[in-house]
Amino acid sequence: MDLLQLALSRPREALERARRVLDGTPSTQAAAAAHRAVGVVLREFGDIDAAIAELRLARRLAGRAGDPGLEADVLGTLGVALTFAGRSVAGCHALDASVERSEGRHHDRALFRRGAVLAMLGRHREAFFDLNNAIAAFHTAGDIVWEARGRTDRATCHLAVGQIRRAASDLEIAERLFLAGGQELESADAVMNRGVLALRIGDIPEALAAFDEASERLSRLGTPDFDLTVHRCAALLAGGLPREALQAVDAAVAGVESMRCRPIKRAELLLTASHGALAAGRPDVAACRAADARRLFIRQGRSWWAAHARLAEVRAGLARNAPSGRLLRTALQCVGDLRDQDSPELPLALLTTGRIALASGRRELAGEYLRAAASGRRRGPALSRALAWLAEALEAEADGDPRRMMRACRRGLEVIDDYRSVLGSTELRAQVTSHGAELAALGQRRALQLGRPLLLLRWSERWRSVALDVPAVRPPPDEALQARLSKMRAHQTPLARGAADRVGRASPTETHRLEHEIRTHAWRARGTGAGTGPRQQRGGRRAEREFEPADLLEEVGGGRLLELIEVDGRLHVLRCGDGTVRRFSAGQMAEAVREVTYTRFGLKRLAMRFTATPDAAAVDELVALGERLQRVLLGDAAAELDEGPVVVVPPARLHAVPWALLPCLRGAEFSVAPSASTWLRVRRTRRPEGGDGPTVLVRGPGLASEGAEVPQLAEHYGADGERPVVLGGGSATVPRVLEAIDGAGLVHIAAHGTFRDDSPLFSSLNLDDGPLTLYDLEQLRRGPRCVVLSSCESGAVAPAGADEILGLASSMLPLGTDSIVASVVPVNDVAVVPLMLDLHRRLRAGLGVAASLRDVRRNVASDPLALGTACSFIGLGAC
């Protein structure tokens, strides 16, 4: 393998070999080849200035050697490096000269290099001409490595103009040729490009798997690749993970700036950062990053990229609620540029322009652009079709055609359902619903305008907690994931043994690395759907989610189900019961969030401040907190409640509410559900008591109460003739607990809980060998029928996606668990013990979970600490 070929296969080995050549007494021609190899390696490592210096020296030496072919070849390599440095005019001049001065195989390679640079600059039509000629020549000559390179860059051009099938064909052949040629570095790039293709057709798990494989290969070769960061961030954005995408690209931008690296890549990273910031709800940051990227692209002579950066600026301006004549003119210019360049982003530009025109009162112009954007609603990748259906809905709304608007919203959400079905990761299934949030909001808003509560209920349920309403994906035992989870537990074992004050102090970098590996591994899990075509969603899967209000009203009967809905910042309450649905207005969502935050703080303070001594002022404080919450959360709907059972279905942002503090609920038999659909499904599939596995009692380490209720509960259940499984004092390890609770009847776990709002699937219960996380629970074949979690914040959840929740307790509902008792705030360990004993006494007597919690609260009404603790617990599910 010659030095140039080795430089693009095993770059570090090539660098060492080239320097050994230069340390000797090489001929002028050999020295030129060695310096060129060094320059190529430095270019791939990102040290672009040093690479250019080496390549210029190589060119001078090739000229002295009297080898015009080698000189022209090195000139072409120098042209590529100059373009990477952002000096595209000089780079193109060097490449043109290389093509003119070369012959034979050197000419073919010069054509390839120029075509690759033209593709990088966004001049795809010109690039196709050079690449087609070069690939044909390489194929005729049997030069498989250079043919593979040509096909890789041509595939990039195909993707840029939306020719996905042609790109797939080129990439498949290129990967095979690179492997045959032993090109390790370039075969890693081929794997990355396979991920790009998977992302373009909407297969996120396949894309992420390919990117991870490429990253591992590049790491072994010691080669940074900022292209991989750009593509991986695009996959994270498609998966509804803008915060993670923004963090990754910001780190890459910092890396580019700290290294003497390719300016051409800095511009691309800034554009990706703009996309991430916009998706994360930071339009000001998005606008700044996009503007910086556009200026760099213009300086580098990359008009295709500059047009896409301008689109990012326009989208950020719209998100900042700053439509203006100037923004509209910029958007129109952007559409023209992207249309001229056959950009796959043209539909997004059309939609954005139509929205700006709508906001500016230009309805006729808006209709023209929205109709053009909607033309792609029956073809292309899922997210593109969903955007097209959104354009159709907006155009129908502006045109005064509500029936067409509602149909478009339904069809768009069906497309997202199809897209979501490919995902096996709980986190991604929840987060990706953000792509359908606006479609769902349009349907809700129209139902509200029509004054039809039943229709509003249907639309609220259409896109609420849909990730929980699908049974969890249970792949075959994943040894790699289990090994990573075990390693993380081993790393955190000191914490599990009570060193809670040392959280994160011991090797936080290692903890972060292990968590990152677990998350990325889980993201690659596949769902049960194909997600491959526009008609996929019309099949049987959609029926699994079909919600019928009549079924709900029949199940509710004479009870009450209160569904809270946010429409344009205001809360509305749908009271379902007695065969009807009625709507009541409540407070503003922003006010509700403030009141909930204040109330949670008050309960936390109470848990730490008081002993069990009654205090009338503390009770009065709890009452006042509850009254304020009730006013803003339920409004006049509170007066509609009577002595019957109540189900509360809040939006995701209001799940962590101590609902028992509300005066209308404190003495009621009530439960909380993520959605009415989930509650209905659990009610109709719940297991009868006594028809399942054993009772399991678990005591974790480090509790102030030492889990005092567990031995007493074991005695009580034993006296009833049961033989409960009791784990604790070293035996409560994650594997043993998972084995015991799989399919169990009733499970009580007394263990410290940790809620992670930054990464909810790492919310955990601390057991003897470390944390039991949501990732561990997803390994269960069947969840326990009833679970009591007496630990702190075990019922806390994080909002995700459009209106989804992610948390330890809520995650058990798709696993087959009927009812869960959990706290939504930190609680006093000692105060919990008598409450748990009282709760279980009532459960053993045959009362349901909701009724038992009600009676526990009534029994401690005059004790502020006990009452505050009791009100911190909710019953989740069909209780």
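Ser819 lies in strand E15, which covers residues 819-823. Helices (H or I, at least four residues) and strands (E, at least two) are DSSP runs, numbered from the N terminus. The model is predicted: local features need pLDDT of at least 70, side-chain atom pairs count only at pLDDT 80 or more, and totals for chains, interfaces and linings use all residues. Residues are numbered from 1 along each chain as its sequence is written, and side-chain values use heavy atoms, with hydrogens and water left out.

**Ser819**
- Ser819 has a relative accessible area of 5%, so the residue is buried (under 20%, with exposed over 50% and partly exposed in between; 1.4 Å probe, protein chains only).
- Beyond its neighbours within four places in sequence, Ser819 is in contact (heavy atoms within 4.5 Å) with residues including Arg785, Val849 and Cys879.

**Helices H15 and H17**
- Glu268, Leu271, Ser274, His275 and Leu278 of H15 meet residues of H17, among them Trp305, His308 and Arg315.
- By class, this contact of H15 with H17 has seven nonpolar, three polar and two charged residues (Ala, Val, Leu, Ile, Met, Phe, Trp, Tyr, Cys and Pro count as nonpolar, Asp, Glu, Lys and Arg as charged, and the others, Gly among them, as polar).

**Whole chain**
- The protein chain has 40 helices and 16 strands.
- Of its 879 residues, 59% count as buried.
- The C-alpha atoms of the protein chain fill a box of roughly 100 × 65 × 45 Å, taken along the principal axes.
- Among contacts between residues at least 6 apart in sequence, 71% join residues at least 24 apart.
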